[in-house]
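Dear colleague,

I am handing over the structure we spoke about. Please look through it first; my notes follow below.

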Amino acid sequence: MMKLAFCLFRYYPYGGLERDFLQIAKMCLARGHEIHVFTMSWEGEIPNGFHVNLIKPFGFSNAGRAKSFANHVSRYLKKQKFDRVIGFNRMPNLDFYFAGDPCFAKTAHEKHPVLFKLLPRYRIYASLENSIFSAESKTQILLLNPSHLDIFREHYKTPKKRFTLLAPGISEDRRRPLNQTEIREQFRKKHDVPANDKIILMVGSDFKRKGVDRALLAFDALPDNLKDSTRLWIIGQGQPITHPRVTYWGTRDDIVNFYATADCLLHVAYQETAGMVLLESLAAGLPVIVTQNCGYAPYIQKASAGMIVPEPFSQETLNQILAKVLSEEDVLADYRQNALNFCKTHNLFHFAIQIAMIIEGKT
């Protein structure tokens, strides 16, 4: 048995990174290890067997609090003996870092003015990232998106041997339920949705980054006869925009019901390292329209389970793709079946075991 420390800035039950953390930590617990969590806040139920340490950082900005948190954790780690330290946000003294975010240095260079580098925010986040990826660091990096490897190495000269590319995976409870047809009928009836109406589903908090604005424009561009029989359902945390045929559901624990009820998933993010929701849609047999820049978009293409909006992004292209997919029921049926067939031949459910074994040194 090992004593493991898991570090992340905040935990809430509906974020992709947070759900990855929970899967991995639960798997390590099930394999007999002692689980200690260091975080600034925890929303929701704490699993039995988790020792959660809430650290209240100093600072008036997110960057300031991140620095304070990292310093607090570093001091605690020096006092207590842990066999492995696993981080889900960037901070020093990690044995493993789960790379759920893109390269900050690259983003700062490409999207911010030169003066941005003079701000405390830049210096703090750059320092935290450097503590992980510098050539001198010993942290092992668990990488979700293979395209990010060369980017990090370009900016930090990180030795390639310190990267481990993870096979994608999701929780077992995202499998398509055997009574999917029954769930679909009952859920639509409960929410007054006619059987022949189409439902577009979006899942993910941070509406700006997830491209809700793009989705609304594409929805409004649908031909009138199609738009009148289509609804857009959005799940996640963000600022709603009033629209007569758009429903904001907030965060939900019954996401499987939405996957079973919808006709396609729309995931047109401006930035997405991986996109767990794309794999969940495959497992649910839900066709997908996704922007090419999303890390897991190639799996949709490989499965022939939807359509890719190419880069550079064009709103007009998205508008055309959405209208085409929704208007061709036989195409939707093919995508649904292709998704389910893909999941029969590709194991999407061993993600947590894979990482637990890496932490244990067994791979």
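Which residues does F6 touch, not counting residues up to four places away in sequence? The model is predicted, and in it F6 touches F21, I24, A25, C28, I35, H36, V37, F38, I86 and F88.

F6 also stands out in the nonpolar packing. The largest nonpolar core has 64 residues, and F6, F21 and L201 touch the most other members. Helix α11, residues 276-284, gives this core its largest share, seven residues. There is a second, separate core of 31 residues, which includes C7, I55, Y97 and F163.

As to the overall form, the protein has 15 helices and 15 strands. Its radius of gyration is 21 Å, and this agrees with a compact globule, because a globule of 363 residues would have a value near 21 Å. Along the principal axes, the C-alpha atoms fill a box of roughly 65 × 50 × 35 Å. Of the 363 residues, 52% are buried. Among contacts with a separation of 6 or more, 62% are between residues 24 or more positions apart.

Is G169 buried or exposed? G169 has a relative accessible area of 3% and is therefore buried, the cut-off being under 20%. Leaving out residues up to four places away in sequence, G169 touches L279, L348 and F351. G169 and E43 are 126 residues apart along the chain, and their C-alpha atoms are separated by 24 Å.

R175 has a relative accessible area of 41%, so R175 counts as partly exposed; that class lies between the 20% and 50% limits. R175 and L348 are 173 residues apart in sequence, and the distance between their C-alpha atoms is 9.7 Å.

Regards

Key: Residues are numbered from 1 along each chain as its sequence is written. This is a predicted model: local features need pLDDT of at least 70, side-chain atom pairs count only at pLDDT 80 or more; totals for chains, interfaces and linings use all residues. Side-chain values use heavy atoms; hydrogens and water are left out. Helices (H or I, at least four residues) and strands (E, at least two) are DSSP runs, numbered from the N terminus. The radius of gyration is taken over C-alpha atoms; the globule rule is 2.2 Å times the number of residues to the power 0.38. Buried means under 20% relative accessible area, exposed over 50%, partly exposed in between (1.4 Å probe, protein chains only). Contact means heavy atoms within 4.5 Å. A nonpolar core is a set of buried Ala, Val, Leu, Ile, Met, Phe, Trp, Tyr and Cys residues joined through side-chain atoms within 4.5 Å.
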